[in-house]
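Dear colleague,

I am handing over the structure that you will be reading with us. Please open it first, and then go through the notes that follow.

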Amino acid sequence: MASKLLLITVFVFDLIAFGLAVAAEQRRSTASVVTDNEKNYNYCVYNSDIATGYGVGAFLFLLVSQVLIMVASRCFCCGKPLNPGGSRACAVVLFIICWVFFIIAEVCLLAGSVENAYHTKYRTIFGENPPSCETVRKGVFAAGAAFVFFTAIISEFYYINYSRARESFQPYAGGETGVGMGTYK
C-alpha cells in the first residue's frame with residue numbers, strides 16, 4: 001500500500017507550488033517609461049519584484065515534491081523488482097510523463113523568475129525612441145502553474161501504481177532454483 005503520509009505531504013507541497021505559481025502570474029512586474037525631471041532622458045520604472053520570489057518558491061516546492069516521490073520509489077530503477085503486469089506498465093508510462101511535465105514546469109518557473117528579475121538599465125535621450133522596458137510575457141508563470149498541476153496528479157498516480165507493483169511481487173519460493181540433474185546411469 002502506498003504511504004498515505006507521503007501522498008499527503010507531496011500533495012501539500014504541490015498545492016503550495018501551484019499557489020505560488022498562480023500568485024507569480026498575478027504579480028509579475030510591469031514597467032512604464034518615465035522622463036527625468038530635466039526632461040533629458042527616458043528610462044524604465046518597474047513596480048514590485050515579488051513575482052520572482054513567488055516563482056523561485058514554486059520552483060523549490062515542486063523540486064522537493066519530486067525528490068520525495070523519487071526517493072520513496074527509489075527512482076524506479078533501484079530496489080526489488082516489480083511484479084509484471086498492468087500496475088508496472090502504468091508505473092513506467094507515468095514515470096516518463098511525470099518527468100516530462102516536471103521538467104516543463106521547472107523550466108517555465110525558472111525562466112519566468114529570471115525574466116521577471118531582469119530590468120532594463122539603460123536610458124535614451126529625450127526625443128529618441130523610448131527604451132524597451134522588458135517584462136515577463138503574460139502566461140509564462142501560468143504555464144508553469146498548469147504543469148505543476150499536471151505533475152502533481154501524474155506523480156501521485158505514479159507512486160500509487162509503483163507501490164501496487166512493488167507489493168504484489170512474489171519471488172520464487174520453490175525448493176531448488178537451478179536446473180535439476182538426475183543421476184547418470
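Over residues 89–112 the chain is 100% helix and 0% strand, with the end C-alpha atoms 35 Å apart; helices here are DSSP runs (H or I, at least four residues), as are strands (E, at least two), numbered from the N terminus. This is a predicted model, in which local features need pLDDT of at least 70 and side-chain atom pairs count only at pLDDT 80 or more, while totals for chains, interfaces and linings use all residues. Residues are numbered from 1 along each chain as its sequence is written, and side-chain values use heavy atoms, leaving out hydrogens and water.

The unreviewed UniProt entry places "transmembrane region" at residues 56–77, 89–112 and 140–160, although such annotations may be inferred rather than shown by experiment, feature names are shortened, and positions follow the numbering used here. Residues 56–77 are 77% helix and 0% strand, and their end C-alpha atoms lie 29 Å apart.

Rings of Phe, Tyr and Trp (its six-membered ring) pair if their centres lie within 6.5 Å, and planes under 30 degrees apart count as stacked, over 60 as edge-to-face and the rest as tilted. By this rule there are 9 aromatic pairs. In one of them, the ring centres of Phe95 and Tyr158 are 5.5 Å apart and the planes stand at 50°, so the pair is tilted. Because Phe95 lies in helix α3 (residues 86–117) and Tyr158 in helix α4 (residues 140–167), the pair ties together parts that are 63 residues apart in sequence. Ring pairs also link Phe18, Phe101, Phe147, Phe149 and Phe150 into a cluster.
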